[in-house]
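Please open the model in a viewer with the sequence panel at hand.

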Amino acid sequence: MNYAIGMAAALAIGAGGVYFAMNSQIGELRTDLDAVKQELADEKKKRTAAYGVLNKVNHIALYTAKTPFNCKYQDGGFPTFKGVIRYFWDFEHAYGIEVPDNYVWNLVEDPASPGVGTITVPPLKQLRPTKIEFSKFDELDFAGSKRFQRMYADVLPIARDRTDLVGDERLKIDGTLWSRSEAALADLILPLANEARTAVDEAPLTQVVVKFENRPASISGVATKFSDDCAIN
């Protein structure tokens with residue numbers, strides 16, 4: 001009987017020792033795990049948002065403006081068979097940005113205005129290739145087939161030059177073009193920027209202010225008034 005009691009006591013003490021040892025090891029593992037978690041958290045806090053996510057913005061139209069054109073062209077030749085035609089065409093310019101490869105985005109939060117980030121972006125430009133398609137021809141003086149083709153070929157580069165000029169000129173004189181393009185790009189960038197900030201536990205922005213690299217210091221002037229005659233600018 002005494003032997004059985006002694007064995008039971010010994011087993012109880014042994015079991016208690018094993019239990020204590022296991023608890024001790026589990027406690028150490030928890031301490032180590034907590035230390036690792038804290039280290040990872042500290043490291044995450046040290047990181048800053050990588051705005052490479054903005055590379056999703058690479059070629060985008062932000063603002064469009066359609067312009068109607070027309071001009072009258074007179075071909076040379078015999079006085080009674082001059083050939084006089086008025087040409088009509090429309091063109092929709094598309095303004096936006098083209099982001100170069102490996103472009104470095106620099107979004108800076110204003111310390112004086114928490115939640116407001118400012119970002120400088122590539123130049124605003126006219127993106128659409130100029131393709132002239134005449135929509136209407138008013139023949140004021142009849143032109144035969146060969147003369148019509150020759151006149152068409154003569155007017156085409158004139159129409160292209162006028163269209164290109166309007167596209168470039170609008171960047172210098174149209175304030176609405178700039179403000180709407182800035183607003184459109186800000187709306188696009190804000191969620192992308194916040195995606196990057198959230199990944200490193202940074203507070204999301206409430207507003208992004210866009211600054212184009214080529215924005216004029218002042219926007220003023222009037223559009224060129226083209227002559228009625230296609231041959232004279």
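Select Asp-174, which occupies the loop between helix H2 (145-173) and helix H3 (175-199). The model on display is a predicted one. Is Asp-174 buried or exposed? Its relative accessible area is 18%, and Asp-174 therefore counts as buried, the cut-off being under 20%.

Asp-174 caps the N-terminal end of H3, with a side-chain oxygen 3.0 Å from the backbone nitrogen of Thr-176. Beyond its neighbours within four places in sequence, Asp-174 is in contact with Tyr-63 and Ile-219.

**Second stop: along H3**

Where does H3 bend? A bend of about 30 degrees is found at Ile-189, and a proline, Pro-191, follows within four residues. After the helix comes Asp-201, which has a positive phi, near 60 degrees.

Colour the buried residues of H3; among them are Leu-177, Trp-178, Ser-181, Glu-182, Leu-185, Ala-186 and Ile-189. An α-helix has 3.6 residues a turn, so residues three or four places apart point the same way. The cover over the buried residues of H3 includes strand S1 (59-74), strand S2 (84-98), strand S3 (107-109), strand S4 (116-121), H2 and strand S7 (207-212).

Select Trp-105, Ile-119, Leu-185, Ile-189, Val-210 and Phe-212 together. Within the largest nonpolar core, which has 31 residues, these touch the most other members. S1, S2, S4, H3 and S7 are the elements that give two or more residues to this core. The largest share, eight residues, comes from H3.

Centre the view on Leu-185. Not counting residues up to four places away in sequence, Leu-185 touches Val-57, Leu-62, Ile-97, Val-121, Val-210 and Phe-212. Another core, of 16 residues, lies apart from the largest one, and its members include Phe-69, Tyr-87, Ile-132 and Ala-143.

Show the rings of the aromatic residues. How many aromatic pairs does a search of the whole structure find? The search finds 10. One of them joins Trp-89 and Phe-134 in an edge-to-face arrangement, at 5.7 Å centre to centre and with 85 degrees between the planes. Because Trp-89 lies in strand S2 and Phe-134 in strand S6 (residues 134-141), the pair ties together parts that are 45 residues apart in sequence. Both Trp-89 and Phe-134 are buried.

**Last stop: Thr-118**

Finally, select Thr-118, in strand S4. Thr-118 has 25% relative accessibility and so counts as partly exposed.

How values were computed: Residues are numbered from 1 along each chain as its sequence is written. This is a predicted model: local features need pLDDT of at least 70, side-chain atom pairs count only at pLDDT 80 or more; totals for chains, interfaces and linings use all residues. Side-chain values use heavy atoms; hydrogens and water are left out. Buried means under 20% relative accessible area, exposed over 50%, partly exposed in between (1.4 Å probe, protein chains only). Contact means heavy atoms within 4.5 Å. The bend at a residue is the angle between axes fitted to the seven residues ending there and the seven starting there. A polar contact is a pair of N or O atoms within 3.5 Å; within protein, one must be able to donate a hydrogen and the other to accept it, and residues adjacent in sequence count only if both atoms are side-chain atoms. A nonpolar core is a set of buried Ala, Val, Leu, Ile, Met, Phe, Trp, Tyr and Cys residues joined through side-chain atoms within 4.5 Å. Rings of Phe, Tyr and Trp (its six-membered ring) pair if their centres lie within 6.5 Å; planes under 30 degrees apart count as stacked, over 60 as edge-to-face and the rest as tilted.
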